[in-house]
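Me: I would like to learn how to read a model like this one. Please take me through it feature by feature.

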Amino acid sequence: KEIASDETLSIATHQGSIHIGGLALDCYVLQDGTRAFHKRGMAKALGLKSAGGNAFLKTVQGKSVATQIDEELADRIDNPFYFRAINGDVAHGYDAEVLVDVCKAVKRAADQGKLSPAQEPLALQANAILNAFAKVGVAAVIDEATGFQEVRGPDALRMLVEQYIEKEKREW
């Protein structure tokens, strides 16, 4: 895939890090408001041994998970977008929602018994991510509705994600 020209390349206006299960994932907000993860971060988030973007592709395109991925999501996975990170480097990225949709696909594959025993940790990690994001989403909406987001710490939601995932890991 060709890299877009500098004129059409999305630019990250904000960058941060989310801690998921002991892993730090770089995350970005692009100038158009897109929330994004770096392609390498997708593999890291799922706890794959190799944190490279190709490991992520190999996992989601493998027969056990791919059967649970619809055409639209497959297209989004096959076509990461390029953007310019804060440091000026060109990066491969995915809309943050792709991580959630992939976790749902992994969970469906696990529920249908399609994962190999070696892939079981993948299902546990996907489930932990889904549960943590759902719980934090509820907290964020309540914070917004009540005005609490104005007084909570700037890293409060990120810390909640970390707490929820750590709690789930202890339950494994």
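Me: What is the mean pLDDT of the chain?

Reply: pLDDT is the predictor's confidence in each residue, from 0 to 100. Where it is low, the predicted coordinates should not be read in detail. Here the chain averages 88, and 93% of its residues reach 70 or more. This is a predicted model, so local features need pLDDT of at least 70 and side-chain atom pairs 80 or more, while totals for chains, interfaces and linings use all residues. Residues are numbered from 1 along each chain as its sequence is written, and side-chain values use heavy atoms, with hydrogens and water left out.

Me: Which residues touch the most other members of the largest nonpolar core?

Reply: A nonpolar core is a set of buried Ala, Val, Leu, Ile, Met, Phe, Trp, Tyr and Cys residues joined through side-chain atoms within 4.5 Å. Buried means under 20% relative accessible area, exposed over 50%, partly exposed in between (1.4 Å probe, protein chains only). The largest core has 38 residues, and F37, L46, F56, I77, V102 and V106 touch the most other members. Elements giving two or more residues to this core include β1 (10–20), β2 (23–30) and α5 (96–111). A second, separate core has 6 residues, among them A12, Y28, F83 and A91.

Me: Where is Q68, and is Q68 buried or exposed?

Reply: Q68 is in the loop between α3 (63–66) and α4. With a relative accessible area of 11%, Q68 is buried. Contact means heavy atoms within 4.5 Å. Leaving aside neighbours within four places in sequence, Q68 is in contact with A105, R108, A109, Q112 and K114. A polar contact is a pair of N or O atoms within 3.5 Å; within protein, one must be able to donate a hydrogen and the other to accept it, and residues adjacent in sequence count only if both atoms are side-chain atoms. The side chains of Q68 and Q112 make one at 3.0 Å.

Me: At what angle do the axes of α6 and α7 cross?

Reply: Two packed helices are described by the angle and the distance between their axes. Axes are lines fitted to C-alpha atoms, for helices over the stretch in contact, with angles from 0 to 180 degrees between N-to-C directions. The axes of α6 and α7 cross at roughly 145° and come within 9 Å. Residues making the contact include F133 and V136 of α6 and L160 and Y164 of α7.

Key. Helix = DSSP H or I, 4+ residues; strand = E, 2+ residues; numbered from the N terminus.
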